[in-house]
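Subject: Structure for your review

Dear colleague,

Please find below the structure that I am handing over to you.

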Amino acid sequence: MNEAGIFRRRKLPHIDVEGKPYFITGCLAGSLSAAGMKRIKTRRDELDMRPKPSDLSDQEWEIKKHKLVFKLVDTLLDGDTPVRHFDDDNAAEIVQNAFLHFADERYRLLAFVVMPSHHHWLFLPDEHWAAEQLAASSSNHTPREIISHSVQSFTATQCNRVLARSGTFWQGETFDHYARDEAEMLRIIEYIEQNPVAAGLAQRPEDYKWSSARIRFKLGLPQGDPIPKPT
């Protein structure tokens, strides 16, 4: 597959490129206030009205707009959001453990953080596992979709149980894009692991309990090395 990849669009653009790491952000349902949602829609509409830069393809312009909207979304999520289920350590631990569960099997886990209202994670699907899934799948779902859906579905059920709640847990779609090269991958890892510091939740990345930075610091792993599954 070339780097054009597989491009899908529901409300948000999704792109799959073989051999590239994926940066996924999942938001809790209701974590963006009505005022926040209005700001996001206004920003998206404003970008849609802009003419496409001549040096970008249609697909590249869609991805660029998506990244610009994502910056606003992440700023709002790090602020005073109305839903913060992951202030509960039991719920945050479920999501962290879900990321770690298939590390070294379905994917290389490059970074993650569980924030009060959302999560970020970066992973590279294992090429052999991905090839098996593509060969066996009758639904035409990509490895990214299979991995992301598995985590979102499992954590929704388990977190609702420990929080003694019911109903929709995650926002319907994730925000995602792929890292084009190693330099971008390292920038994304830095962004993910610095998120608690930027949001005022920790003084150092390794101080935050629900983050790959804590594991990386404990094991002495450099950025870029995958986070191993606990033994």
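This is a predicted model: local features need pLDDT of at least 70, side-chain atom pairs count only at pLDDT 80 or more; totals for chains, interfaces and linings use all residues.

Cysteines

A search of the entire structure gives 0 disulfides. By way of background, a disulfide is a covalent bond that joins the sulfur atoms of two cysteines. For Cys-27, the closest cysteine sulfur belongs to Cys-159 and lies 15 Å away, which is too far for a bond; a disulfide would require the two sulfur atoms to be within 2.5 Å. Cys-159 is likewise in no disulfide, its nearest cysteine sulfur being that of Cys-27. Both residues are shielded: Cys-27 counts as buried because its relative accessibility is 1%, and Cys-159 counts as buried because its value is 0%.

Nonpolar core

In soluble globular proteins, nonpolar side chains tend to be buried together. Here the largest nonpolar core comprises 58 residues. Phe-86, Phe-99, Leu-109, Trp-121 and Leu-122 have the most contacts inside this core. Of these, Leu-109 can be followed in detail: setting aside neighbours within four places in sequence, Leu-109 is in contact with Phe-99, Leu-100, Ala-103, Trp-121, Leu-122, Pro-226 and Ile-227.

Helix packing

The axes of helix H1 (residues 34-49) and helix H2 (residues 58-77) come within 10 Å and cross at roughly 160°. H1 is therefore roughly antiparallel to H2, and their crossing is right-handed. On the H1 side the contact involves Gly-36, Arg-39, Ile-40, Arg-43, Arg-44, Leu-47 and Asp-48, and on the H2 side Trp-61, Lys-65, Leu-68, Val-69, Leu-72, Val-73 and Leu-76.

The second pair is formed by helix H3 (residues 89-101) and helix H5 (residues 143-162), whose axes are 9 Å apart at an angle of about 155°. Because angles over 145 degrees count as roughly antiparallel, H3 and H5 fall into that class. H3 passes H5 in a right-handed crossing. Asn-90, Ala-91, Ile-94, Val-95, Ala-98 and Phe-99 of H3 meet a set of H5 residues that includes Val-151, Phe-154 and Cys-159.

Individual residues

Which residues does His-177 contact, apart from its neighbours within four places in sequence? They are Pro-21, Tyr-22, Phe-23, Lys-67, Glu-184 and Ile-188. His-177 itself lies in strand E6 (residues 175-178) and is buried, with a relative accessible area of 11%.

Pro-116 sits in the loop between strand E4 (107-114) and strand E5 (118-125). Although in a loop, Pro-116 is buried, with a relative accessible area of 9%. Leaving out neighbours within four places in sequence, its contacts are Leu-28, Val-83, Arg-84, His-85, Phe-86, Asp-87, Leu-201 and Tyr-208. The C-alpha atom of Pro-116 is separated by 24 Å from that of Met-185, which is 69 residues apart along the chain.

Asn-195 belongs to helix H6 (residues 182-198). Asn-195 is buried, at 3% relative accessible area. Not counting residues up to four places away in sequence, Asn-195 touches Asp-74, Asp-78, Val-113, Met-115, His-118 and His-120.

Yours sincerely

Key: Residues are numbered from 1 along each chain as its sequence is written. Side-chain values use heavy atoms; hydrogens and water are left out. Buried means under 20% relative accessible area, exposed over 50%, partly exposed in between (1.4 Å probe, protein chains only). A nonpolar core is a set of buried Ala, Val, Leu, Ile, Met, Phe, Trp, Tyr and Cys residues joined through side-chain atoms within 4.5 Å. Contact means heavy atoms within 4.5 Å. Axes are lines fitted to C-alpha atoms, for helices over the stretch in contact, and angles run from 0 to 180 degrees between N-to-C directions. Helices (H or I, at least four residues) and strands (E, at least two) are DSSP runs, numbered from the N terminus. Angles under 35 degrees count as roughly parallel, over 145 as roughly antiparallel, 65 to 115 as roughly perpendicular and the rest as oblique. A crossing is left-handed if the near helix is turned anticlockwise from the far one by less than a right angle, and right-handed if clockwise.
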